[in-house]
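This briefing is for a reader new to the structure. Please look through the sequence and the 3D view before reading the points that follow.

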Amino acid sequence: MKKNITINLCGRLFQIDEDAYELLQQYIESLRQSFGREEGGEEIVNDIETRIAELFSELNQQGTEAITIEHVKDIITRIGKPEELTGEEEKQDNGGHKYDSFHTAAQGIRDNVRARTAGKRLYRNPNDKMVAGVLSGIAAYTGSDVTWWRIGYAMLILASNFLFPLFGIFLNFGFFLHVNLAFIIFYFVLAIAIPVADTPKQVLQMEGKEVTPQNLADVVVEDKQPAQHRRGCLGSFFSVIISIFMGIFVGLAAIIGLVLLVCLLLIIVSLVVVFTVPSVRTSLPFDFEDLHLAELMSVHPWIVIAFIIGLLLALCIPLYAIAHMLFSRAGKVQPMGIGQRILWIVLWVASLCCLFPALIWIQEQEKERYNEWIRKEYSYQGVMMDQEDKNFLRKGAWNLIKAENCEHYTWSGEYDGNHNLRFLDVYNENCKEVFQVERKEAVKPGVYRLDCVVRAEGPGPCVYAIGDSVKFESIPVYENLDGKPDMGWYDVSIDNIVVTGDSIAYGLSSDEDFTGQPCRAQWFSATDFKLTRTGDLPKQKK
């Protein structure tokens, strides 16, 4: 006993059993999917519905009270059947094909591939799959036997595991594991990237058949038939694994999409603040103030624009792809075609090609600005040094004449019992320091003496004074004597400094070109420079 349903088709009422109604409804829906987006497609579907109503009326006039599934199959076949036959295509058989050159052989291969894939689209085949239908879809696309694809894939995995070790390549277990994992990941990536042929129209496109009512009817009727083969245990196991991976993938994609959306909004807010109120610093995670984009925009606008566009596209494209995937899985939109996916991938790669070179250039500009600030902040008379060394020399009005191979210029402690006292101190482990520092004091003409406290690890460094002539005094070599409380400091004086001018220059030097003595000391120190007037200038004889 079958249940009959009363339907209204083009203003006419018909009795139809439940199975026939489901087949008719699926057939009309497939027609709408095939012709709905084409110009005049809706009219074609309406005409087909009118024709079906007319054929149903003819059956009622012939005494049929209820339309059965056999009647619907017959009507679908009649509607899809061509009105005329244009004749059979002539088959050319020239007794075989002979290549007379490599070029013609390659051309023949290309023509064969084009002939096999002409009019086809790549889909995963849901009707003949062991795992996800990837290899079956490729076989349908290339017009080949899926068995050979499966054998070839298995042989490729075996070859990577067993043939490479025979030639002594990658003899370790980790390589085998990575190879197998790479093949599995590659298969899953193809399963995600290649869409599945869900609709009758997609099945026809996968097989390279023309989308006609007859072919659509054949697909619909085949889908109504009971399955001939049941999925094996291996296929069921991999199907569960794929379902789990797909669930994890969708969950991660949703989380990544949410993170990308938040980042995009924060970046947009940061960019607006940078270009509208450049003097205001924000506490947002993306603070572009340090990149000085507003300043660079006035100098190199196209590079900054390329950076901003590349950054926004690099975030928007994956965000759109994730949102589209989630909506397509929910049945709200149609899945992306392969061409559309390739287009978005190319645009995303192009955005990265704009983003990274521009970012590198901006970072180089920022690096130069930072180095300039460092040179200004941590240099003294063009020599990079610690801030404490710089402050000591600046406050002491020391003129840095030469400073090469010096690890530091001042030090503190170990003098006069005051460990916070800072003094001149130069160090180089290999005794290669070339150092000269000088200070000038205004004085009246006369005779002066320079007193200071010094020490040195080895010979060479000197204290000097410049009046009317240059006078040198070598720094005594440091000796660690037991019971000596001053840790090796020595008092040094330079007497009889004659000054007829208005100033005296004095300082500390290890420059052999100036002192005439090579430096053999790893370190030397000096402090407590004092000038004392000891007499007047000698009277000149008349």
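Val 463 has Leu 508 as its bridge partner in strand 13. Strand 13 (residues 503-509) runs antiparallel to strand 10, and five bridges join the pair; two strands count as paired if DSSP finds at least two bridges between them. This is a predicted model, in which local features need pLDDT of at least 70 and side-chain atom pairs count only at pLDDT 80 or more, while totals for chains, interfaces and linings use all residues. Residues are numbered from 1 along each chain as its sequence is written, and side-chain values use heavy atoms, with hydrogens and water left out.

**Strands**

- Helices (H or I, at least four residues) and strands (E, at least two) are DSSP runs numbered from the N terminus.
- Strand 10 (residues 462-466) is mostly covered, with four of its five residues buried; buried means under 20% relative accessible area, exposed over 50%, and partly exposed in between (1.4 Å probe, protein chains only).
- Strand 10 also pairs with strand 11 (residues 470-474), antiparallel and over five bridges.
- Three residues separate strand 10 from strand 11, and the two form a hairpin.
- Ala 465 has Lys 471 of strand 11 as its bridge partner.
- Ile 504 belongs to strand 13 and counts as buried because its relative accessibility is 0%.
- Between Ile 504 and Tyr 448 there are 9.1 Å in space, C-alpha to C-alpha, and the two are 56 residues apart in sequence.

**Cysteines**

- The structure has zero disulfides, a disulfide being a pair of cysteine sulfur atoms within 2.5 Å.
- Cys 462 is in no disulfide, and the nearest cysteine sulfur, that of Cys 519, is 9.3 Å away.
- Cys 462 has a relative accessible area of 0%, so this residue is buried.
- Cys 316 counts as partly exposed because its relative accessibility is 31%.

**Helices**

- Helix 12 (residues 301-329) has 29 residues and spans 42 Å from its first C-alpha to its last, close to the 42 Å expected at 1.5 Å a residue; the expected span is 1.5 Å times one less than the number of residues.
- Val 259 is in helix 10 (residues 233-276) and counts as partly exposed because its relative accessibility is 45%.
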